[in-house]
Structure formats: C-alpha cells, structure tokens
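Please consider the model shown below.

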Amino acid sequence: MHFLQIRDLHKSYGSLEILKGVTLDVARHEVVCLIGASGSGKSTLLRCINALEPIDSGTILVNGDQVTGLGVDLNALRRNVGIVFQSYNLFPHMSVLKNITLAPTMVGGVSKEAAEQRALELLEKIGLRNKAGSFPDALSGGQQQRVAIVRAMAMDPQVLLLDEITAALDPELVGDVLEMIRELAVDGLTMLLATHEMGFAREVASQVCFLHQGKILERGTPQQVFENPQEERTQQFLSRVIQAGRL
Amino acid sequence: MSTTNPTTAGDSLQKSSLHAPPPTVTPFTIAAVAVVALTAAVSYYALIWLFAYIYPNGASGLFTALFVALWLAALIPLIPAVQAMGRSQKANALLRSHDVVGARHHAALGREAALTSMGYSAAILVLATLVAFVSTKDGAIASTFLRPAFIAQAFSDVLAAFWVNVRVALGAEVLVLVLGLGIAIMRMLPGRAGRPLRVLAILYTDIFRAIPGIIVLYLVGFGLSLAEVPFFKDLPPIWLAIFALTLTYSAYVAEVYRAGLDSIHRSQWAAARSLGLSYPQALRTVIIPQAVRRVIPPLLNDFIGLQKDTALIGVMGVIDAFTQSRLIGSAVFNLSPVTVVAIIFVVVTIPQSRFVDRMLEKDQARQRSGSS
C-alpha cells in the first residue's frame with residue numbers, strides 16, 4: 001500500500017479551477033518531483049496535502065488514514081506531514097533555536113531541554129550551530145531556508161513537502177540547500193517537492209510528475225520524463241527549460 | 001539657449017542644453033537681505049518690550065549690553081546673505097569671461113548661502129514674533145499665564161492633585177491593554193460560530209468611538225451610582241473614572257491591535273499551522289507577539305490621548321490636577337496655575353515618546369544583529 005494516496009483531487013479559488021482531478025501515489029522512501037509551469041498547480045497541490053487549503057472534492061490518505069473530510073484532526077495530520085515554503089516563513093521575532101523548538105515543545109510533548117538538544121544536533125549537521133541564538137533577519141537566504149527545513153524536520157514528519165524552496169535564493173546559495181535535501185533523500189525520507197531545478201529533480205527523484213493546467217499530464221522515472229517525454233506539452237515545457245539553460 | 005515652453009507642445013521631446021548658463025542669484029540675495037531686515041525690525045521691538053517688562057525701572061549698563069548682544073545674535077543670518085552676494089558677483093564675472101562651469105559652481109553656492117540665510121532668519125522671526133506677542137502691553141499676556149509668583153504658589157497643590165491623574169491613567173492603561181486585545185481577537189474569530197461575537201466586537205468599537213469621552217465619564221460617574229447598580233455604586237469615584245476611560249479607549253486600542261494583527265502576513269499563519277500548532281497556539285506564540293511589536297507606537301499615541309483625557313474626570317466630581325488648578329486660578333483671578341498643569345502634562349509626555357523610540361530601535365537592532 002502506498003504511504004500517500006491522492007485520489008481525484010479538485011480545488012478551485014472562486015471560479016478558477018486550479019486542480020482538476022489529481023491522482024498520485026507516493027510510496028514510503030520515495031522522492032517525487034512535481035514539475036510544470038507557474039500556475040500549473042504544484043504549490044496548490046502541496047498546500048492541499050498539508051490541509052493549508054481546503055479541497056473541493058477527492059480524497060487524500062496518509063498511511064492508510066483518510067485525512068480529508070470533516071472532523072479530521074488537522075493538527076495531528078500536520079505533525080506527520082511537514083512543509084517548507086519558498087519564502088522560508090521563519091518567525092522573525094524568535095531566535096533560530098526557538099523557531100526550531102517551538103512546535104516540538106508546544107505540540108510534540110518534548111521537554112524544552114530535549115528539544116533544544118535535538119535542535120542543536122540538527123543545526124550542527126548543517127554547520128549552523130553557531131547561529132542558534134541569531135534571529136532570522138541576521139541570516140542569509142540560504143541559511144534561513146536550511147533552518148526552515150530543520151524546523152520542519154524537528155517534528156519528525158513522515159513525509160516532507162517542499163514548495164519551490166530554492167526559487168527565492170541567489171544562485172550561489174542554492175547548492176547548500178539542495179545538498180541538505182539530497183542527504184534527507186539518502187536517509188530515506190519520503191518527500192514530495194515542487195521544483196524548477198530540473199538537474200536536481202533528475203538526480204534525486206524516483207518519480208517525476210509533469211503538471212499542466214491542474215492535471216498530471218505525464219509521470220515516470222526521471223529518465224522517461226526528461227529523456228523520452230511522450231506528451232507534446234511535456235516536450236514543449238522541457239525544450240523551454242533547456243532554452244533557458246536550466247537543464 | 002533653448003528652453004522648454006509648455007504652452008506650445010510639439011510632437012517631439014524638447015531638451016534644454018546641458019551647457020546652459022546658471023540662472024541669476026540676485027533675486028535670492030535680495031530676498032535674503034529683505035528677510036534679515038524684517039527679522040531685525042521685529043526682534044528690535046520684541047526685545048524692547050521684553051526688557052521693558054522684565055526691567056520696568058529702566059536701563060542699566062548690563063541691560064544695554066544684553067540688549068545689543070541679543071539683537072546682534074538675531075542678525076547672524078546676515079553673514080550667509082553677504083556671502084551669497086559675493087558668490088553672485090563672482091558668478092556674473094565668470095559668466096562674462098565665458099566660464100560657464102565656474103559660474104554655475106559659484107551660483108549654486110550663492111543660492112545655497114542665500115537659502116540658508118532665509119531659513120535661519122525665518123526661524124528667528126517666528127521666535128521674535130512670539131516674544132513680542134507675549135511681552136506686548138507691558139507683558140499682559142505673560143502676567144496672565146506665566147506669573148512666577150502664582151506658579152510657585154500653585155505648584156505643590158497641583159502636583160499633588162496630579163497624582164490622581166497618574167493613578168487613573170495607569171489603571172485605565174492596564175485595563176485597556178487587556179480589554180482592547182480581547183475585543184480585537186473577538187473581532188477576528190473564525191467561522192460561522194464566531195460571527196455573532198465578531199458583530200458584537202464591531203458594534204462595541206463603533207459605539208464607543210462615537211461617544212465623546214466626557215459624556216461617557218459623566219454617564220458612568222453619576223449614572224451607575226444614581227441607578228444603584230450593585231458593585232459599581234460602592235466604587236470610589238476614581239475607579240468609576242478608570243472604568244469610564246477604559247470603556248472609551250478600549251475601542252480605539254482594539255482597532256490599533258486589529259491593524260497590527262491584520263498586518264502579519266498570511267504566510268506566518270501558514271508556517272505556524274503547518275507545524276501542527278492550533279489556531280489559539282499560533283495566535284498566542286506567533287501572531288500576537290509580532291503584532292504587538294508593530295503597534296507599540298500607535299498604542300502609545302492612544303495612551304498619551306488617554307493621559308490627557310484624565311483632565312476630564314473633573315466632570316464626575318473627582319479633584320484632579322486640572323480641577324485643582326482651576327480652583328486656585330479662580331481664587332487669584334489668574335491663569336498661571338492652569339499653565340502649571342499644562343507644563344506637567346508636557347513634562348510627563350515627552351519622555352514617554354523618547355522611551356518608546358529607543359525601545360523600538362533596540363528591538364530592531366536585536367533582530368538584525370542576531371545576538372539574543
């Protein structure tokens with residue numbers, strides 16, 4: 001059974017239909033990359049899985065439990081499904097350490113000492129332990145995004161959603177962030193990421209999905225999608241990406 | 001020399017030459033000298049009246065020296081005006097020898113000097129006018145508002161009564177902070193269930209911002225005891241004053257809080273909720289702390305308003321500083337005691353503004369520098 005099952009997901013903003021029936025299975029330890037033009041629904045899909053956006057119809061199952069419909073404990077769902085945003089969204093009034101330990105201590109039932117120790121270990125791994133007392137504004141974009149990833153990982157999510165997490169970064173800062181994701185993938189974390197970094201998607205993804213106008217138009221291994229795309233739209237999208245020098 | 005003429009708009013953009021000679025500085029220098037001359041005349045009379053008021057028994061040597069020194073000080077802006085004239089002549093001379101760049105340089109410095117002269121002169125002119133106004137008619141205005149003897153006589157009694165204003169202000173401020181936040185949160189309760197409370201919060205802010213504070217004070221001060229409302233009828237009047245001011249100012253402060261809460265970007269909500277925090281948890285740890293930091297300056301603005309409105313509590317029979325000063329003032333038939341209250345309010349308010357400025361600077365520096 002797949003860890004994450006999405007069935008015929010529909011989502012509209014007013015009269016604008018963003019997702020027009022998305023069906024997607026993600027197995028445990030799988031890394032699924034969502035590619036596609038801006039406005040194709042990648043971000044919306046991720047936000048729906050985390051229940052940050054209410055859906056119109058369809059079902060989502062996490063580990064066999066249906067997490068859509070009325071009465072679902074969304075806070076419990078979100079403790080298992082982490083998300084990292086394009087604009088980091090760190091809490092600017094809290095130190096790096098407080099950003100990371102807030103959720104584990106407040107909703108995860110971890111003691112302050114244990115949460116801080118684990119946060120410092122995670123920061124150590126990415127070489128930012130000396131920034132534990134800093135405030136987000138004092139960090140570079142790349143550092144902020146890595147702290148945001150640590151913040152999500154501090155809740156030990158079973159699946160991590162990444163919403164174009166390098167799109168707002170200067171080119172020279174992208175590498176560190178991608179390296180971190182690469183290590184998480186090696187460790188076997190289940191991930192679903194929307195990205196414009198095609199080279200990275202090709203390298204880490206076990207499955208690539210091409211979204212076009214609210215539907216998954218084509219899916220397959222990176223080799224299949226990048227080297228032998230079947231759909232005309234996929235070919236057009238990829239040739240534009242190549243023209244822009246991004247693949 | 002080509003100049004643009006806006007009345008005959010053509011088809012193409014008109015450009016003026018970059019090598020054009022500078023406009024003449026002469027009007028600036030004439031204006032500067034004129035302003036200095038006017039300042040000299042006004043400050044002359046201002047000083048004459050002022051000294052006549054201070055030293056009614058006439059001139060001594062010290063008197064004359066001080067008079068001349070002050071008058072000359074008012075003429076200091078003449079120095080840049082004279083410099084401007086020199087620059088102006090130099091610019092004209094250079095222009096005659098076709099040194100446009102040099103002429104522009106000196107013309108620019110001349111304009112700057114002339115404007116500096118006018119700026120300082122104008123400020124002195126305003127001050128001199130005030131002095132003349134206060135000391136005219138042998139200091140009639142000064143002796144009505146600022147007679148030292150009455151000020152000294154009233155000071156201690158008025159200051160003692162000001163303690164009432166301080167207690168009312170502090171009491172109301174604490175309650176307003178709590179009640180205002182409560183109303184602001186009530187106004188942003190989500191969903192259909194929150195709707196009735198949202199409407200109630202809107203009604204509250206609308207109504208209490210509409211009613212003049214002095215009327216609320218009057219109604220609460222006399223109405224609650226007149227109607228023998230339990231609990232309230234036994235409260236001392238100072239508590240009724242606190243209660244009335246809280247009613248009024250909570251409405252304003254709720255709006256300030258609401259603006260702050262609304263100004264926190266949706267992404268902060270998304271980040272907090274995505275970590276599994278509930279709505280109240282996200283509100284308490286992520287949204288409210290950021291919102292409160294942002295609204296501290298407007299909050300203080302409302303607090304200063306509240307502090308000043310404590311001068312209205314006399315209508316409900318409480319003897320505050322203003323009431324006390326009016327009592328003394330009517331006894332001596334002079335307004336100097338009331339001036340004392342005004343001065344006390346100024347002295348109390350200004351440090352608060354500076355304090356909040358410093359606090360905000362510190363907080364911003366802390367978030368930027370990165371040390372906790």
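Me: In which sense, parallel or antiparallel, do strands E3 and E9 of chain A run?
Reply: This is a predicted model, in which local features need pLDDT of at least 70, side-chain atom pairs count only at pLDDT 80 or more, and totals for chains, interfaces and linings use all residues. Residues are numbered from 1 along each chain as written, chains are lettered from A and ligands numbered from 1 in the order written, and side-chain values use heavy atoms, without hydrogens and water. Strands are DSSP runs of at least two residues, helices (H or I) of at least four, numbered from the N terminus; two strands pair if DSSP finds at least two bridges between them. Between E3 (residues 31-35) and E9 of chain A there are 4 bridges, and the sense is parallel.

Me: Which residue in the hairpin of E9(A) and E10(A) takes a positive phi?
Reply: E10 of chain A (residues 215-220) pairs with E9(A) through 5 bridges in the antiparallel sense. The hairpin has 2 residues between the strands, and the positive phi, near 45 degrees, belongs to A:Gln213.

Me: Is B:Ser143 buried or exposed?
Reply: B:Ser143 belongs to helix H4 (residues 100-145) of chain B. Because its relative accessibility is 16%, B:Ser143 counts as buried.

Note on methods
Buried means under 20% relative accessible area, exposed over 50%, partly exposed in between (1.4 Å probe, protein chains only).
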